[in-house]
Amino acid sequence: MRFLLPATAMDTASPQPNRRTVSAACPHDCPDTCALEITVEDGRAVCIRGGDMPFTAGTLCTKVARYLDRTYAPSRILYPMKRIGAKGGGRFARISWDEALDTIAGRFKAIAATDPQQILPVSYAGTMGMVSYASMDRRFFHRLGASLLERTLCSSAGKAGSKITLGGSVGCDPEQAEHARLIIIWGSNPVVSNLHFWSRCQAAKRRGAKLVIIDPRRSETAEKCHQHIAPYPGTDAALALAMMHVIIGEGLTDADYVGNHTLGYDELAARVRAWTPQRAAAICGITTAEIVNLAREYARTRAAMIRINYGLQRHAGGGMAVRTIACLPALTGAWREPAGGVLLATSDFYGFNHRALERPDLLRGAPRTINLAALGDALTAAQPPVTAAYVYNTNPVAVCPDSRKVMAGFAREDLFTVVHEIFQTDTADYADILLPATTQLEHHDIHKSYGHMYVQASQPAIAPVGEAKPNAEVFRLLAARMGFDDACLRDSDEDICRQALDSTATALQGITWDTLKKHGWQRLNVSAAPFAEGGFPTPSGKCEFWSETAKAQGHDPLPDYTPPREGPTSNRALAQRYPLAFISPPHRHFLNSSFANLDFALRDAGEPSLDIHPDDAASRGIRDGMPVCVFNDRGNYTVRAHLTTKVRRGVVSAPSVWWKKLTADRRNANEVTSQAVADMGGAATYYDCLVQVKPAGR
Ligand SMILES: Nc1nc2c(c(=O)[nH]1)N[C@H]1C(S)=C(S)[C@@H](COP(=O)(O)OP(=O)(O)OC[C@H]3O[C@@H](n4cnc5c(=O)[nH]c(N)nc54)[C@H](O)[C@@H]3O)O[C@H]1N2
Ligand SMILES: Nc1nc2c(c(=O)[nH]1)N[C@H]1C(S)=C(S)[C@@H](COP(=O)(O)OP(=O)(O)OC[C@H]3O[C@@H](n4cnc5c(=O)[nH]c(N)nc54)[C@H](O)[C@@H]3O)O[C@H]1N2
Ligand SMILES: [Mo]
């Protein structure tokens, strides 16, 4: 198949003294968290291939198959630098690590003497390894008393919704998908963003399973499914409520499962009575028959798996959408089958010791919390102001919503900005001090996954390139310079890996750092059908149709529909000026903004484009290939129009996330996206965005 590269043939030559193989894990923010095998010769990585961990089974995506081109890219940042030109200009001069660390510690000490909350860590998911993502950094900033950061760009709405219904980010085992008879791929594009789940969907298809996809556009995955239902963005909960209306109304529930393992069935039944398929069809812009047939087919198929992913929860009602959809398998008893149930993410099966990793006990006082989804507002308007930002594992100038405000913030002369990066990103251009970071081949880490059930050790294959240092190492050095003497601020990366597993969770029994290093990976002790007999991690232990947790949080205790903030029917005034729903899902050749600077990925990706329906284009005088301006009150940017019926009328789609400085107008999709947050989890709402489109230059 086109997107999976086979592992290169195992080396069968007689072992050479200077040649060895190291096992690692892909660090990228993707549900697959692939196992890697790196061949090293004379200290240089010469080959990367998929490891033998069962879920990813030796295949890599086309991006990570070329990870060595990333590690050895000539454009890597190799040593610390300080700014010599204007903020944002990207001109730097080399300095020593000592000078860089002294400068940072000096500034942090001076600010902390007034108010440490003026210092803001800005990090996200450039690497998902527990050491690099959330360990020494958190300890350092807790001890310092810096502002806390809510990391909300991606998944927090859906996770909050899943927690209400199921008790956490848990669900069915995606490895079982090949045994399903029906797979509903809902707000997810696995051909692009969950490859190894997709290979199991294909296996299921070969065995006669039906694949249904629910997505406002005919995605790469939709092209390969049996049926595509295209609701208007942000309306999925209405569809799910109407499915429940049909399932309950036609007596298609599993009364035994409902009776023993759910809470609040009568209240749910009363709630969905008003959700007729006609009503939902009008909201979703689909037919009544599509809803009724899907509900019947779903309820009558025991081995029916629903794979939700994050696409459908980047909306005002994203939390409620996941909360509502997650009720379906308990109604029909699909959880009884290993290949039945619903999955958003597997993360909460792990039971890693996050308290030991992050040491919240080091916190002095109660610093304020800043939401990364509204970073632009924080950098331009927070009181007390943010006077220092330490950016690592993220490229906020490219990826945060409403990025004109983010850029205005980073452009402030009175803001001291440190950026620790592998490459000179759009954000790095604003740094006062720029530090070189290691890639995954150069440090230790330990990985969970949000799309399978394996724990993995990632071991360094090569020495750091140039003067690069891992995240945790920089925080250890800074802690020493700040005079922080807590012992945990001196833990080594391998100490931290051990602490992650210092847990009584049954899922982790028999998994130690030493066994992991030896085998590369180990499976969690989680059964193939984890909720066949109920036992959900909710307060009641049941699947909660009615939730006291939701009520206590100020939400409706029952599933419901929360309309888009910027929808044509939910916000008619705005839709008159900006009638098109704009979504900007992940590009096949990028990983968020990672890889979007590397020649091989840019060659494959072409140039920024906008899929628009031919009817929407015609009424605007737009022809195929024309540069068009996408705009709303927040901003505008220019892309090339691509006329296609892959998007439904009224929806436009722009694969993302491009580096701004590598596009013709130095802008990207986040010029128009909004800082408004979702109903739950303080989450970003990238796909809840109305725009207008016109030929560029008019
Ligand atoms: N190649 C590649 N892989 C990636 C990434 C990447 O950038 N590139 N990013 C990684 C990351 S960080 C993440 S979070 C995941 C994201 O991957 P997914 O979780 O799959 O999420 P998205 O791609 O954002 O959205 C999936 C689909 O949802 C559709 N969608 C948008 N709005 C709605 C809606 O309201 N309802 C429904 N039903 N569908 C909707 C989009 O059109 C899209 O096709 O992928 C990861 N993997
Ligand atoms: N318009 C639009 N915007 C989006 C999205 C969308 O669908 N549409 N998707 C959103 C989603 S789902 C997500 S998850 C976010 C992702 O946003 P980010 O988490 O910011 O992800 P990346 O853009 O990949 O940037 C990560 C950066 O971390 C750096 N990095 C990698 N490893 C390390 C390391 O070990 N140390 C240090 N110091 N740096 C490292 C990489 O070089 C890279 O520049 O973007 C969001 N933005
Ligand atoms: Mo994400």
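Guide: Helix H3 (130–133), helix H4 (136–144), helix H5 (156–166), helix H15 (354–358) and strand E9 (148–150) each give at least two residues to the lining of the largest pocket. (Helices, H or I with at least four residues, and strands, E with at least two, are DSSP runs numbered from the N terminus.) Keep in mind that this is a predicted model, where local features need pLDDT of at least 70 and side-chain atom pairs pLDDT 80 or more, while totals for chains, interfaces and linings use all residues. Residues count from 1 along each chain as written, chains are lettered from A and ligands numbered from 1 in written order, and side-chain values use heavy atoms, without hydrogens or water.

(A volume is what probe spheres on the grid points fill, with points joined across faces, edges and corners.) Its lining takes in 35 residues, and Tyr133, Arg138, Arg151, Lys159 and Glu358 are the closest to the centre. (A pocket is an open set of points on a 1 Å grid over the protein atoms alone, where a 1.4 Å probe fits, with protein on both sides within 12 Å along at least five of seven lines; lining residues have an atom within 4 Å of a point.) Sort the lining of the largest pocket by class and you get 13 nonpolar, 13 polar and 9 charged residues. (Asp, Glu, Lys and Arg are charged; Ala, Val, Leu, Ile, Met, Phe, Trp, Tyr, Cys and Pro are nonpolar; the others, Gly among them, are polar.)

Now hop over to the second largest pocket, with a volume of about 490 Å³. There, 23 residues make up the lining, and those nearest the centre are Glu220, Arg588, Asp611, Lys646 and Pro655. Helix H24 (599–605) and strand E25 (609–612) each supply at least two residues of that lining. By class, the lining of the second largest pocket has 11 charged, 7 nonpolar and 5 polar residues.

Where does this second pocket sit? The protein splits into domain 1 (81–154 + 363–444 + 461–506), domain 2 (171–344 + 535–552) and domain 3 (572–695), with bounds from an automatic or database assignment. The second largest pocket lies between domain 2 and domain 3, because both give residues to its lining.
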